[in-house]
Amino acid sequence: MKKKFQLMFVFRTKQLSLLHCVGMDYESGAMFCVLLNSPNDSVQIDCMTDHYPKSLMSHLSEEKERIDCGFYDIRTWG
């Protein structure tokens, strides 16, 4: 089965409990950036995401544990 999405990195805005997930949609050949709510470093996939494609949100749900633990995080300075 061909992979449709690949998450590349995540920017966290801890003061606002938000994160931006940046990745690639291989089917359309386009990059995506999804803004998600993440209080206490726990991504809320179903919070205000109705306007995003269901297949993309399904992929991010599969990656939730890795996102929560910081696997995709870009290091930033305080």
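What share of the contacts in the protein with a separation of 6 or more comes from residues 24 or more positions apart? Such residues account for 32% of these contacts, where contact means heavy atoms within 4.5 Å.

The model is a predicted one, in which local features need pLDDT of at least 70 and side-chain atom pairs count only at pLDDT 80 or more, while totals for chains, interfaces and linings use all residues. Residues are numbered from 1 along each chain as its sequence is written, and side-chain values use heavy atoms, with hydrogens and water left out.

**Overall architecture**

The protein has 2 helices and 3 strands, arranged from the N terminus in the order β-β-β-α-α; helices (H or I, at least four residues) and strands (E, at least two) are DSSP runs, numbered from the N terminus. Its radius of gyration is 12 Å, close to the 12 Å that the globule rule gives for 78 residues, so the protein is as compact as a globular protein of that length. This radius is taken over C-alpha atoms, and the globule rule is 2.2 Å times the number of residues to the power 0.38. Along the principal axes, the C-alpha trace spans about 40 × 25 × 20 Å.

Of the 78 residues, 33% count as buried, a term that means under 20% relative accessible area, with exposed meaning over 50% and partly exposed in between (1.4 Å probe, protein chains only).

**The strands**

Strand β2 is mostly covered, since 6 of its 8 residues are buried. β2 runs antiparallel to β1 and is likewise antiparallel to β3; two strands are taken to pair if DSSP finds at least two bridges between them. The two pairings are set out below.

**A loop residue**

Beyond the strands, M48 lies in the loop between β3 and α1 (54-62). M48 is exposed, with a relative accessible area of 66%, and its C-alpha atom is separated by 9.3 Å from that of L35, 13 residues apart along the chain.
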